[in-house]
Every structure is written in structure tokens, then in C-alpha cells.
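Hello,

Here is the structure I promised to send over. Please have a look, then read my notes below.

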Amino acid sequence: MLDYSNSEVVLETRDLTKHYGGVHALEGANFKIHKGEHVAIMGDNGAGKSTFVRQITAVEQRTRGDVILGGQSVHFGSPIEAREAGIETVFQNLALADDLDVPSNLFLGREKIKFNLGPFSILDNKAMREATMAGLVKTGVKIPNILNPIRNMSGGQRQCVAIARTAAFHSKLTIMDEPTAALGVQETAQVENIIRTLKEQGEPLILISHNMRQVFDLMDRIVVFRRGRICANLHVSDTDPQDVVAYITGAKTGEEFPEAR
Amino acid sequence: MSQSHGIGGLVFDEKKKARAPEWNVFFALILIVVVFEALGAMLQGQSFLFDSADRFDTIFNEQRLKIIILQVAIIGIIALGSTQVIILGGIDLSPGSVVGVTAMITMSFAQVAEVNGLANPKAVFGPAWMDLPVIVPLLVGLVCGIVAGVINGLLIAYTRIPPFIATLGMMVTARGAAKWWSKGQPISFPTDSYAAIGQGMNPVIIFAVLAILFHLILKYTVYGKHTYAIGSNELASRMSGIQVSRHKVLVYTIASVLAAIAAIVLSSKNLTAQAGMGMMYELDAIAMTVIGGVSLSGGRGSILGTVLGSLIFGVIISGFTFLKLDAYYQEMVKGVIIVGAVVLDQYRQQRAAARM
């Protein structure tokens with residue numbers, strides 16, 4: 001079992017908190033992920049997993065607390081800024097435009113241009129095509145023709161396109177929010193292979209998943225959320241699925257998290 | 001040329017690219033021409049598009065071709081805008097009324113001071129506003145289009161009311177403004193330079209130039225890419241960092257500016273402007289767009305398709321005249337064709353979904 005606690009911290013949150021009016025969706029989350037580490041975030045529905053991710057990726061603005069990326073405290077105004085800083089997110093509902101081809105989807109919102117004419121800037125289609133090929137090779141995704149609209153591709157291929165964005169843009173951190181929730185067995189395997197590839201390449205990853213087998217197969221560490229608080233931080237080698245379920249349901253709480261009791 | 005990628009590398013094959021849907025529209029156009037040729041041969045004993053009588057030294061009946069293109073050119077200009085709005089996932093019901101109000105206002109700035117030695121009987125403004133250089137009415141016209149389009153765009157992008165309602169409001173309001181402008185009176189007697197804009201085949205040339213321009217813009221610029229992306233998946237576009245609201249305002253503005261250009265060409269061609277000008281043009285424009293394969297659910301279609309759609313439109317109208325059928329039939333058949341095109345689009349979508 002590899003121990004990452006001595007390697008460089010990629011992302012850290014301190015006292016990260018989000019209140020929606022009187023609802024405390026996230027309360028004092030202290031979290032770290034190290035270089036090369038793959039961390040799973042688990043918890044019941046409404047436990048604060050997605051809220052946690054939304055604060056990091058600036059889809060919402062946090063109530064309080066710090067997000068520290070590569071040693072620097074950051075305040076992103078929008079998901080785009082977070083992405084430009086190197087946090088790549090694969091959303092639960094695929095953020096893909098069905099009628100566009102693969103390169104257009106990979107570069108959606110950050111198209112390569114030949115020369116700048118404001119909104120009428122000329123696209124550099126060739127460069128985007130080549131970068132797409134390179135990104136797909138890196139993730140091991142196979143797609144017959146990248147210039148077809150993705151409407152006609154399988155769910156797995158589409159998910160792979162979404163994930164290939166990560167590889168194409170050399171991100172510092174990848175976050176996946178239940179990437180296999182809507183996929184079949186074979187397609188799930190395909191996505192899991194990509195996650196392994198990212199692992200081999202030393203790319204850090206946060207995975208939100210309900211799939212216990214997947215988490216134990218692929219991840220190094222499990223962070224459990226319950227009622228808006230982190231209630232456990234477990235190394236995969238020190239725990240087992242029953243144990244994790246106990247933390248998720250509230251039967252157990254990690255010793256270092258007294259306030260989550 | 002083939003290139004492999006991925007582990008175990010499947011082949012990247014240019015031939016695997018799906019056939020462009022514009023081909024279907026093109027085949028439909030050919031089919032309709034063939035039907036009219038056959039009906040012509042049976043009922044009239046003459047050819048529809050070909051120069052069978054050999055009156056001229058040409059293969060085609062050039063006069064009929066010219067009429068076909070000329071009668072769709074002005075609405076075609078509007079359809080270029082409708083195409084972009086519909087690809088964006090919206091709808092614009094206002095261009096017909098924008099044509100009306102723009103024609104009225106523009107024509108007021110394009111009038112001559114004297115007609116046959118007498119003061120212009122239709123003068124809107126005082127003598128200081130007569131005989132202005134042609135650039136003045138042109139700029140006034142464009143400003144009308146921009147104002148209408150920006151209002152449409154802002155309403156749709158920032159109040160989140162459906163485009164159907166926002167542009168319906170503009171349709172009624174702009175028509176009212178067109179009537180108010182001269183208390184319902186027509187405005188006539190433009191300067192020679194203004195009158196020259198819409199004469200002869202100029203409307204066709206203007207339509208062709210604008211069609212090529214917007215074809216290139218939709219295909220090769222960020223503007224085009226974002227228009228398709230928003231129409232395809234607005235939420236994904238927003239999450240990907242596209243400034244969706246700003247882009248919507250831009251697209252609706254361009255659509256209204258195209259309507260304003262149509263107004264300039266039309267009023268110049270007719271040498272007059274009336275408050276009722278452009279009535280129902282928006283529906284014909286949407287019809288051309290839909291016949292041209294642009295999907296009403298957004299994200300799919302092209303300028304090329306719309307140009308072919310406008311030709312189908314023109315061929316059908318000409319064909320009915322050629323067969324000496326009543327004009328009433330034209331409208332009834334138009335309605336059937338519009339619904340038919342949408343049904344076909346739905347069917348194509350279902351088939352595509354079933355294949356997945």
C-alpha cells in the first residue's frame with residue numbers, strides 16, 4: 001500500500017463551509033489530496049459530497065473556509081476559472097453537446113483560435129483535432145471517427161469523451177462525480193480503465209461514487225461525508241465495505257472527527 | 001487518408017462520416033422539380049425549368065429561374081437569421097414586423113425633396129431631412145434592426161421568458177410602431193441611390209453574399225460553434241464557460257439586423273414603405289429553415305440547408321403558377337409542407353435515438 005501523506009499536497013480545504021440559508025449543507029470540511037493520490041468521496045444522498053465538490057469547482061461560492069491549490073489560497077469566481085487553474089470536473093450529467101463532434105466537445109468554451117476577432121474569431125480546427133487525438137491516446141479511448149456528432153455514440157464512449165478532456169488539458173486535479181452511475185457493465189469497465197490510466201500517469205483524482213467495489217478496486221483513500229460533515233478518513237487497506245457502510249449510516253464515526261458525531 | 005489512434009487503434013476513416021443531411025434537402029428539391037416537369041408535360045405540354053420552346057439560346061428557362069430566386073431572396077435574407085436563432089434553440093416571430101417598422105423609418109430618411117417639380121407629397125420630415133446621402137437611411141435601418149434585436153435578446157437571455165413569447169411581443173409592438181410612425185400612411189418617393197439597392201437581380205446578389213458570409217461564420221468561427229453548442233445543450237455550454245446570455249443577445253441581434261436588411265431591400269425594390277410590409281414573412285422564413293433541415297429542437301442545420309429550403313419554397317410557388325393553379329392552393333400546400341418537414345425531422349430524431 002502506497003502512502004502519499006509525504007508527497008506534495010495538490011489540494012487542501014480548511015474549514016470549508018456552505019450554508020443555504022438555514023441549511024448547513026457542508027460544515028467545516030478539512031480535506032487533503034496529494035500528488036498521484038486517488039481519493040473516493042462516499043456518503044448517503046444529501047450528505048454533502050456534491051456540495052463539497054461544488055465549492056471547490058466554484059459552481060457555488062462558499063460561505064466560509066479556504067481552498068488551497070498547489071500551496072496557494074484560491075478564490076475562483078466561476079467554474080471556468082477553476083478549470084483554467086487546472087481543476088477538471090466530469091459532471092454527473094454529462095456536460096456534452098450531442099450535436100457537436102469530439103474535438104468541439106473537448107474544447108467547448110475554450111476553442112483554439114487562429115486569429116482573434118472577438119466572438120467571430122476563426123477556429124483552428126486542425127490543432128483541436130490533433131490535440132483531441134493525443135488526448136484520446138493518453139486515456140486509451142477508442143472512437144471510430146472523432147468527426148461524427150457524439151449523439152450516435154454509446155454512453156460509455158460519451159463518458160470517455162468527457163473524461164478525455166482531463167487528459168487533453170494536463171489538469172492538476174480531476175474530479176469525477178459518479179461517472180459510471182448511468183453506464184452498463186462494459187462501459188463502466190471502460191471508464192474504470194481510464195481511471196487506472198490516470199493513476200499510472202500520477203494524475204490525482206477525486207471520485208464521488210456509491211459503488212463500493214469500484215472504490216475498493218481503484219482508490220487509495222476513502223473520505224466519508226455524513227450530514228454535511230466529514231466523519232471518516234480511511235485508507236482502503238485498513239478498512240472493508242462493512243466498515244465503510246457503518247461510517248456512512250452513522251453507526252461509527254472516526255475518532256479524529258468528534259464534531260461529526 | 002486514414003490514421004489510427006487509441007489502444008488497439010480503431011481506424012479514423014473519413015468515409016465513415018455520416019452523409020450530410022443537406023443532401024436529403026437537395027434530393028427533395030430535385031424530386032419536386034421532376035414532379036413539376038412531369039405535371040407540366042402532362043397538363044401544359046411544356047417544360048417547367050427547361051427552355052423547350054428554344055426561344056432563347058439557353059438550356060434553362062432563365063426567366064423562370066430568375067423569378068424563382070428573386071421571389072425568395074428577400075424572405076431568404078430573413079431566413080438566414082431564423083436559421084441561426086433556431087440552431088440556437090430559440091424561435092423568432094418578430095422579423096416580419098421588424099421589416100415593417102424598419103422599412104417605414106428607413107424610407108423616411110431616404111425621401112426626395114421634389115417630385116416632378118412639386119414638394120414630395122409623402123414627406124415625413126421637413127426639407128432639411130430630404131435628399132440625404134444613401135448612407136443615412138442605411139445606417140438608420142441597421143440601427144432599427146439592432147434595437148429590435150437587442151431588446152429581443154435581452155428579454156430572452158435575462159428575464160428567461162420563452163423566446164416564443166418575447167418575440168411575439170416584439171412582433172405585435174413593432175407592427176404597432178410601423179403604423180404609428182406615419183399614422184398609417186405609406187411613405188414613398190425615395191432617392192435614386194436608395195431606389196437602386198433593390199432593383200433588378202440585386203436582392204439575389206445580396207441574399208447570396210449574406211448566405212455565403214453566414215455559412216462561413218457558422219462553420220469556421222467561435223460564434224458558429226457556440227451557437228450550435230447552446231442549441232445542442234445549453235446547460236453543458238454554460239458549465240463549459242460559454243457566455244450563453246451574451247451569445248443569445250448577439251444571435252437575436254444578428255437575426256433582426258438581417259430582417260432590417262431585408263426591409264431596406266424590399267422598400268427599395270417597391271419604391272415605397274407601408275406599415276403592413278413583411279406581414280407573415282417570419283412564418284415563411286421559418287418554413288424555409290425547417291424545410292432546409294434545421295431542427296426546431298436546436299443544434300442541427302445549416303445555412304446551406306436553408307438556402308436549399310428557400311429554393312424548394314420558390315420552386316413550389318413558381319410551379320403552382322406554372323400549372324395555373326389558384327394562389328389559395330399555394331398557401332394550403334405551404335402549410336402541409338411545413339408540418340411535413342417537422343414530422344420528418346421528428347422521425348429522423350427518433351430513428352437516431354433508436355440506433356443508440
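Which strand of chain A is joined to β3(A) by 4 bridges? That partner is β10 (residues 205-208) of chain A, and the two strands run parallel. Helices (H or I, at least four residues) and strands (E, at least two) are DSSP runs, numbered from the N terminus. Two strands pair if DSSP finds at least two bridges between them.

Before the rest, the ground rules. Residues are numbered from 1 along each chain as its sequence is written, while chains are lettered from A and ligands numbered from 1 in the order in which they are written. This is a predicted model: local features need pLDDT of at least 70, side-chain atom pairs count only at pLDDT 80 or more, and totals for chains, interfaces and linings use all residues.

Chain A overall

Chain A has 8 helices and 12 strands. Its radius of gyration is 19 Å, close to the 18 Å that the globule rule gives for 261 residues, so chain A is as compact as a globular protein of that length. (The radius is taken over C-alpha atoms; the rule is 2.2 Å times the number of residues to the power 0.38.) Along the principal axes, the C-alpha atoms of chain A fill a box of roughly 55 × 40 × 35 Å. Of the 261 residues, 47% count as buried. A residue is buried if 20 or more other C-beta atoms lie within 10 Å of its own, exposed if 12 or fewer, and partly exposed in between, with C-beta atoms placed from the backbone.

Strands of chain A

Back to β3(A), residues 38-43: 6 of its 6 residues are buried. Both faces are covered, with A:H38, A:A40 and A:M42 on one side and A:V39, A:I41 and A:G43 on the other. Towards β10(A), the bridge partner of A:V39 is A:I206. β3(A) also pairs in the parallel sense with β11 (residues 221-226) of chain A, over 5 bridges. There, A:I41 has A:V223 as its bridge partner.

Elsewhere in chain A, 4 strands form an open antiparallel sheet in the order β2-β1-β4-β5. Its edge strands are β2 (23-34) and β5 (72-73), each pairing on one side only. β4 (residues 64-69) is joined to β5(A) by 2 bridges. A:L69 stands opposite A:Q72 in β5(A).

Helices of chain B

α7 (residues 202-220) and α8 (residues 222-232) of chain B pack at about 70°, with axes 5 Å apart. (Axes are lines fitted to C-alpha atoms, for helices over the stretch in contact, and angles run from 0 to 180 degrees between N-to-C directions.) That makes α7(B) roughly perpendicular to α8(B), a term for 65 to 115 degrees. α7(B) makes the contact with B:I217, B:L218, B:K219 and B:Y220, and α8(B) with B:Y223, B:G224 and B:T227.

In α11 (residues 281-291) of chain B, 10 of the 11 residues are buried, so this helix is largely enclosed by the rest of the structure. B:G293 follows α11(B) and has a positive phi, near 90°.

Where the chains meet

32 residues of chain B are in contact with 34 residues of chain A. Contact means C-beta atoms, placed from the backbone, within 7 Å. α8(B) gives the most to the side of chain B that touches chain A, with 6 residues.

Best wishes

How values were computed:
Angles under 35 degrees count as roughly parallel, over 145 as roughly antiparallel, 65 to 115 as roughly perpendicular and the rest as oblique. Two residues are in contact if their C-beta atoms, placed from the backbone, lie within 7 Å.
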